[in-house]
Structure formats: structure tokens, C-alpha cells
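Reader: I would like to go through this model with you. I will ask what the labels rest on.

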Amino acid sequence: MRRLPEPRLTGLGAGLFASAAMLLFGCLDLLLFDGSPLVYGLLFLPVSALTALWVRAADLVTAPISVPIAFAVGVIPVSGGEGGVGGHTMAVVTALAVQAGWLYGGTLVAGVITCVRKVRVMGRRGRAAGPRRPG
């Protein structure tokens, strides 16, 4: 079985990756599925998982923070809205409220993956340090 690439994204890089991917998926969802919230939400889950898997161990805390920001960036084309900046802003806020389940789910996926990765990193460091001597 082929392994995924090693985590190499910095915290900023992971945030930019997730934001760019969600903006692209939001535009594709608008073009192909007329802005379907289901399609957008389903595409958000793997982006959340990949962001959490590809961020460096030193920047693990940034993945669950950057993923909701990426969701908000990508929802802009999907939300619709009319009537200038105010109308678009209200459409984005409404879309974020209506799709909160997807937002929480993707954030939970990223949080669980980063917690598991952090525990594994701490275990490796503990084994590398060796046993402690009493005294």
C-alpha cells in the first residue's frame, strides 16, 4: 500500500492550502451543482483531513484553526447574495449558520487527526529519550 506524502506544510501553508482548495471547490460547486450545500460540505471533510495530515508536527495546532477559516473563504461563491457588499455579507453569514454542521464536522475531523498525531509524536519522543533512572 502506498503511503501519503510526509507532512511538510507549515501552519501558514496548511491554511493557504485549505483556503485555496475550498475556494476552488466552492467555485466548482457553483458551476456544476448550482451551489449545493451538500456537495460543498462533503468536499470540506476530505480537505479538513488532508490539511490535518499534511501539516508539520511543529504546527499541528494550526490545522483545526485554519480549517474553519477555509470553510468561510470557500462559502463566499456558494452563498449567493445580492445587493452589494451588505447583501453578500449577509448571505455568507447565513450560509455559515445554515451549514454549521459541516463546519463543526470538518473541524472535528481536523482536531481528532491532529490530536492522534500529537500523541504519536509525544510517544516517539518519549521512547527516544529512554527510560528514566530513579534517584
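This is a predicted model: local features need pLDDT of at least 70, side-chain atom pairs count only at pLDDT 80 or more; totals for chains, interfaces and linings use all residues.

Author: The largest nonpolar core has 20 residues, and Met 22, Tyr 40, Phe 44, Val 47, Val 55, Phe 71 and Val 75 touch the most other members. Helix 1 (11–33), helix 2, helix 3 (63–79), helix 4 (84–98) and helix 5 (100–129) each supply at least two residues of this core. Helix 3 gives the most, with 6 residues.

Reader: With what is Phe 71 in contact, leaving aside its neighbours within four places in sequence?

Author: Phe 71 is in contact with Met 22, Tyr 40, Phe 44, Leu 96, Gln 99, Trp 102 and Leu 103.

Reader: What makes helix 1 roughly parallel to helix 3?

Author: The two helices pack at an angle of about 25°, with their axes 7 Å apart. Angles under 35 degrees count as roughly parallel, so helix 1 is roughly parallel to helix 3. Helix 1 passes helix 3 in a right-handed crossing. Residues making the contact include Ala 14, Gly 15, Ala 18 and Met 22 of helix 1 and Ala 70, Phe 71 and Gly 74 of helix 3.

Reader: Which residues of helix 3 are buried?

Author: Ala 63, Ser 66, Val 67, Ala 70, Phe 71, Gly 74, Val 75, Pro 77, Val 78 and Ser 79 are buried.

Reader: How do you know that the span of helix 3 agrees with its number of residues?

Author: At 1.5 Å a residue, its 17 residues should span 24 Å. The end C-alpha atoms are 24 Å apart, so the two values agree.

Reader: What follows helix 3?

Author: Gly 80 follows helix 3, and its phi is positive, near 80°.

Reader: And how does the span of helix 2 compare with what its residues should give?

Author: Helix 2 covers residues 37–54. Its 18 residues should span 26 Å at 1.5 Å a residue, and its end C-alpha atoms are 26 Å apart, so the span agrees. Buried residues in helix 2 are Tyr 40, Gly 41, Phe 44, Val 47, Ser 48, Ala 49, Thr 51 and Ala 52.

Reader: Why is Asp 34 called exposed?

Author: Its relative accessible area is 67%. Exposed means over 50%, so Asp 34 is exposed. Asp 34 lies in the loop between helix 1 and helix 2.

Reader: What is the phi of Asp 34?

Author: Asp 34 has a positive phi of about 60°, although it is not a glycine. Most residues other than glycine have a negative phi.

Notes
Residues are numbered from 1 along each chain as its sequence is written. Side-chain values use heavy atoms; hydrogens and water are left out. Helices (H or I, at least four residues) and strands (E, at least two) are DSSP runs, numbered from the N terminus. The expected span of a helix is 1.5 Å times one less than its number of residues. Buried means under 20% relative accessible area, exposed over 50%, partly exposed in between (1.4 Å probe, protein chains only). A nonpolar core is a set of buried Ala, Val, Leu, Ile, Met, Phe, Trp, Tyr and Cys residues joined through side-chain atoms within 4.5 Å. Contact means heavy atoms within 4.5 Å. Axes are lines fitted to C-alpha atoms, for helices over the stretch in contact, and angles run from 0 to 180 degrees between N-to-C directions. Angles under 35 degrees count as roughly parallel, over 145 as roughly antiparallel, 65 to 115 as roughly perpendicular and the rest as oblique. A crossing is left-handed if the near helix is turned anticlockwise from the far one by less than a right angle, and right-handed if clockwise.
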